[in-house]
Structures are given as structure tokens and as C-alpha cells.
Amino acid sequence: MDIGIIGAGAVGLLFAGYLGKRHNVTVYARRKEQREQLEAYGVTVWREGRRGQTDVQAKSLSAFDSRHDLVILAVKGYDLDESLFITVPTETPLLFLQNGIGHMDLLKTLPYDTVMAASVEHGALKENEHTVLHKGVGATNIALVRGASGPLQRLLEEKDAAFPFVKEDDYEAMLLRKLFINAIINPLTAIAGCVNGEVASNPYYSALIEQAYGELLHLHPHMEEMISLEDIKRVCMNTAQNRSSMLKDVENGRMTEIESILGELVRKTSPRDIPVMNTLYLLVKGKESAGRMT
């Protein structure tokens, strides 16, 4: 396939590094300096001490190639706006990789024939403009929102054990399952300033995990069969040494994804019904605001 990837952060580079081995990949990056480095060096992926290099093309979004068979949106949720789609033909299949549920309404209303959503379980850390560390091998769970299943089937046929795709039938349940994980682990680690494993091993943080899980289950009781409290703690321990993306954003004074992960829940629910989640939201917003003022 001919694949366009909009966004050249950790996740965008990771997808480019793996998919570029078998497909013609173009990465759309904002900054000229990054585009130049990607053109010169390709994408470098480090995993378990081994280095892999993949050649890719790099362009600005203003030079978008309308011939792509698939376009992957690898930007953060707060960067999803209509300007990203101006040059993308409506017949081009789109794949969304965002955390949270803030983009669910957008998935339903965009005038595109084929739309897919994904839940990415991999751990990735961007080291420089063209290098990404693959810190945790998981899977990319992917579901069809609407349209033709051809592009989805092509991705499912990928035979890379380090970068597998898994088909999901219900995209909303898939995104909610990932929300349960992100909405608990990311804010807790960002506030506590600790790695993922510590929020599960520390009894006080672990108590907050249990309370937050209960609140999420109160809002989405049908998810009890799809994700348990033990599942969330297991994710913490399986990624024990990882520093969540929200923690890294807070540490670097960057905007976080708290709005797309928790903002929708907080705005639609009374604080009395989700006191822990509301507190986590406010604390992360406070850290985010303080980081911008320093």
C-alpha cells in the first residue's frame, strides 16, 4: 500500500518505521528540520538493543499526495481539526490512533467513506527527530467505524510479531477499554511523577486506581465484562518502567491529552458522581497550566 502518516511524534515514527518495511510510506511533519532529517536518515527504531532503519519520504501537509491508499492520523487528540483533512480526498480511508474518546464524535461526522479507529498498546519514546525507542511491544487493536474493509484486511495481514494488528468488532467498546487504562494510569503517573509500575505497587496509589476504576464502571457498567481492575493493574506492571506520555508532557511543560482522555467525562458528569476522576482532571490541568507559566 501507499500510506501517508500525518504526525511525526513517537507513535507516528513507530508506525512509519514498521509499516515502511513493506509499504511506501510518507510522513507529514510540521517542521522543516524534522522533514529534512527523515529524508536524510529515514526512521530509526530501537527495540531490545537492536537498531532498525527504514527509508521514508517526508513532506509538509501543504504538499499532501492525494494518491495514498490509506492515511493514518497519528497526531494528539488536541491537534485533530478540520485543517488536517482539507487536502485529503473523501474516498481515502482514514485510520485514527488517538487516545481517549474526545474524537469519537468526529469519527461519526467526518464526510469520509472509510473510517477506522485503533487502540495502540505499544510503548514508544521519541529520542530525536528521526529515532524512536520501541519500549513495549503490544498490539494495535483496530476496528472499522464505517466503509470498506479492504485497508483493514491489508493491515491484519501484516506478519510482524513485533508490530501486530488485531481486529476488533466494536470500535466504541475498544476505545472505552483503552480509556479505562489511559484515564487511570496517565493522570496518576503525571501527578505522582512516577513510572507506571509504582502506581500499582504503592498501596496508596493503588487505592486510587480502585476508586477511579469504580467511577468509570459507574458511567459504563457494560465494560465490566471487557476490562477488570486486575487488567489495569496488569498493564501497570507489564509497563512498570515506562513513563507515561502525560507524565513526560508535564515534565516538559507541554500540553497534555487530559482533555481528550478525561475532559469529556468531566464535562458530561457531575463531580459528585466521579470525585476522584474530577480531582485527577483538575490536578493535571493545574500542572499543565503551571508548566506553561515557567
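Select Asn242, in the loop between helix H8 (229–238) and helix H9 (245–251); helices (H or I, at least four residues) and strands (E, at least two) are DSSP runs, numbered from the N terminus. This is a predicted model, in which local features need pLDDT of at least 70 and side-chain atom pairs count only at pLDDT 80 or more, while totals for chains, interfaces and linings use all residues. Residues are numbered from 1 along each chain as its sequence is written, and side-chain values use heavy atoms, with hydrogens and water left out.

Asn242 counts as buried, at 15% relative accessibility. Buried means under 20% relative accessible area, exposed over 50%, and partly exposed in between (1.4 Å probe, protein chains only). Now show the contacts of Asn242, leaving out residues up to four places away in sequence: Gly123, Lys135, Val195 and Asn196. Contact means heavy atoms within 4.5 Å.

Next, follow Gly123 into its strand pair. Strand E9 (residues 123–128) and strand E10 (residues 131–136) run antiparallel and are joined by five bridges; two strands pair if DSSP finds at least two bridges between them. Gly123 has Gly136 as its bridge partner in E10.

Thr189 is part of helix H5 (residues 171–192) and is buried, at 0% relative accessibility. Which residues does Thr189 touch, not counting those up to four places away in sequence? They are Cys194, Val195, Asn196, Val199, Ser244 and Leu247.

Move to helix H1 (residues 10–19). Nine of its 10 residues are buried, so H1 is largely enclosed by the rest of the structure. The buried residues of H1 are Ala10, Gly12, Leu13, Leu14, Phe15, Ala16, Gly17, Tyr18 and Leu19.

Two loop residues come next. Glu48 lies between strand E3 (43–47) and strand E4 (50–54). Is Glu48 buried or exposed? Glu48 is exposed, with a relative accessible area of 69%. Check its backbone too: phi is positive, at about 50 degrees, although Glu48 is not a glycine. Most residues other than glycine have a negative phi.

Arg67 is in the loop between strand E5 (57–59) and strand E6 (70–73). Arg67 is exposed, at 66% relative accessibility. Draw a C-alpha to C-alpha distance from Arg67 to Lys268: the two are 40 Å apart in space and 201 residues apart in sequence.

Finally, zoom out to the whole protein. There are 11 helices and 12 strands. The radius of gyration is 19 Å, close to the 19 Å that the globule rule gives for 294 residues, so the protein is as compact as a globular protein of that length. The radius is taken over C-alpha atoms, and the rule is 2.2 Å times the number of residues to the power 0.38. Along its principal axes the C-alpha trace spans about 50 × 40 × 40 Å.

Colour by burial: buried residues make up 56% of the 294 residues. Of the contacts with a separation of 6 or more, 63% are between residues 24 or more positions apart.
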